[in-house]
Amino acid sequence: MRILMQNRVTSRHAIAGDTIQMRKTGEYLRKLGLEVVFDFTLEPDVSGFDLVHLFNTIPIEDTYQQFRNAKRNRAKIVLSTVFWDPAEYLRYRKDPAAFVSWWEETQVLRQEVLAGVDLILPNSHAELALLRKTYVDLPPAVVIPNGADSSFAYANSERFCRRWGRKDFVLSVGRISPRKNQLALIEAAGKLHLPLVLIGPLNDGLYYQECRQKAAGIDCCFIDTINPAELASAYAAARVHALVSWYDTPGLVSLEAALTGCAIVTTDRGSAAEYFGEHAFYCQPDDVESICCALEAAWKAGPDPLLAQKVMKNYTWEKVADQTFAAYRLCFDRD
């Protein structure tokens with residue numbers, strides 16, 4: 001089976017969760033014997049492929065053009081929706097009018113794409129329920145969870161500790177941006193006098209400067225993007241991983257951190273609770289006191305070995321690939 005996987009044009013360089021989801025799904029599908037080709041253009045030649053697999057419906061413009069190209073060429077189309085309603089987050093932006101307007105104006109594109117593909121693959125039942133609430137005439141759906149590399153379970157803290165001289169801290173991995181809400185996390189960690197390490201690329205210069213100013217005078221370390229081996233070591237060195245964003249589905253970094261044995265603090269928005277259940281500590285992104293309570297509880301509790309076992313059993317890329325391959329076959333069985 002030959003699969004053409006497509007994502008937004010910028011995803012090759014502006015790497016985010018959708019990029020990783022696409023690349024890792026494709027990597028492990030190849031191990032199952034499928035031929036997978038990645039493409040980031042808008043109108044590729046889809047002839048010779050059995051199926052076009054698209055990713056992401058929030059930044060919809062590129063996905064829409066890729067969808068129209070595949071549709072014109074009568075290709076089968078599977079869509080990993082990577083969807084959550086950003087309305088609450090947009091309301092909290094300093095200048096939300098343009099973003100709210102963009103969201104509303106592009107909803108017609110999302111509706112056309114969602115109604116026109118052969119199969120959708122949301123990352124959770126919560127995401128599927130939200131899609132069904134928001135859009136009409138949806139095709140069949142198969143819930144395919146997000147994943148993490150099983151190798152994170154064997155991470156060792158020595159490399160990170162040797163380079164950065166830190167162990168037992170609150171870690172937050174993700175691009176520095178308002179949606180990831182590092183500003184509130186910095187404030188909460190400062191109130192609790194907990195050491196904090198932020199790892200991730202700069203996504204918003206003004207927001208980064210706000211974060212640096214907020215972090216002045218507290219034990220907070222900023223580290224740019226590091227390679228996977230160093231990242232795994234950072235997880236292993238941390239006591240708690242915190243992702244207090246406005247929404248995540250559920251956040252690949254939370255899955256990775258859970259595998260290494262971190263206690264998990266995560267947003268109560270999005271689909272995190274469906275993955276982690278009672279084995280994580282949840283906070284409200286708009287409430288610093290809520291973040292403080294979750295951080296303090298997680299710090300005291302420490303690692304939950306049952307969570308690491310749950311992730312290893314259900315949320316590795318091997319599992320994701322198996323389920324995705326089964327979904328592809330379902331797509332053809334419907335003919």
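# A parallel sheet, a cavity and a loop

Strand 3 and strand 4 pair in the parallel sense over four bridges, where helices (H or I, at least four residues) and strands (E, at least two) are DSSP runs numbered from the N terminus, and two strands pair if DSSP finds at least two bridges between them. This is a predicted model, in which local features need pLDDT of at least 70 and side-chain atom pairs count only at pLDDT 80 or more, while totals for chains, interfaces and linings use all residues. Residues are numbered from 1 along each chain as its sequence is written, and side-chain values use heavy atoms, with hydrogens and water left out.

Within the pairing of these two strands, V52 stands opposite I77 in strand 4. From strand 4, I77 and L79 point one way and V78 and S80 the other, and all are buried, a word that here means under 20% relative accessible area, with exposed set at over 50% and partly exposed in between (1.4 Å probe, protein chains only). In a regular strand the side chains alternate between the two faces of the sheet.

The open sheet has five strands in the order 2-1-3-4-5, with parallel pairing. Its edge strands are strand 2 (35–39) and strand 5 (119–120), each of which pairs on one side only. Strand 1 (residues 2–6) pairs with strand 2 in the parallel sense over five bridges, and L4 stands opposite V37 in strand 2. Helix 2 (residues 60–72) packs on the sheet, touching strand 1, strand 3 (51–55) and strand 4 (77–80), and its direction makes about 170° with that of strand 3; axes are lines fitted to C-alpha atoms, for helices over the stretch in contact, and angles run from 0 to 180 degrees between N-to-C directions.

The structure also holds one cavity of 30 Å³ or more. A cavity is a set of points, on a 1 Å grid over the protein atoms alone, where a 1.4 Å probe fits but cannot get out, and lining residues have an atom within 4 Å of a point. The largest cavity has a volume of about 40 Å³, with grid points joined across faces, edges and corners and the volume taken as the space filled by probe spheres set on the points. Its lining consists of Q21, T25, H53, F55, S80, L121, N123, I144, V320 and T324, and the elements that give two or more residues to this lining are helix 1 (17–31), strand 3 and helix 14 (317–333).

The loop between helix 5 (125–134) and helix 6 (158–164) contains N146, which is buried, with a relative accessible area of 5%. Leaving aside neighbours within four places in sequence, N146 is in contact (heavy atoms within 4.5 Å) with residues including Q21, N123, T249 and V320. A polar atom of the N146 side chain lies 3.3 Å from the backbone oxygen of T249. The C-alpha atoms of N146 and K319, 173 residues apart along the chain, are separated by 9.3 Å.

S150 is found in the loop between helix 5 and helix 6 and is buried, with a relative accessible area of 18%. Its side chain makes a polar contact with the side chain of E318 (3.5 Å); a polar contact is a pair of N or O atoms within 3.5 Å, and within protein one must be able to donate a hydrogen and the other to accept it, while residues adjacent in sequence count only if both atoms are side-chain atoms. A155 lies in the loop between helix 5 and helix 6, and at 27% relative accessibility A155 counts as partly exposed.

Methods:
On a 1 Å grid over the protein atoms alone, a cavity is a set of points where a 1.4 Å probe fits but cannot get out, and a pocket is an open set with protein on both sides within 12 Å along at least five of seven lines; lining residues have an atom within 4 Å of a point.
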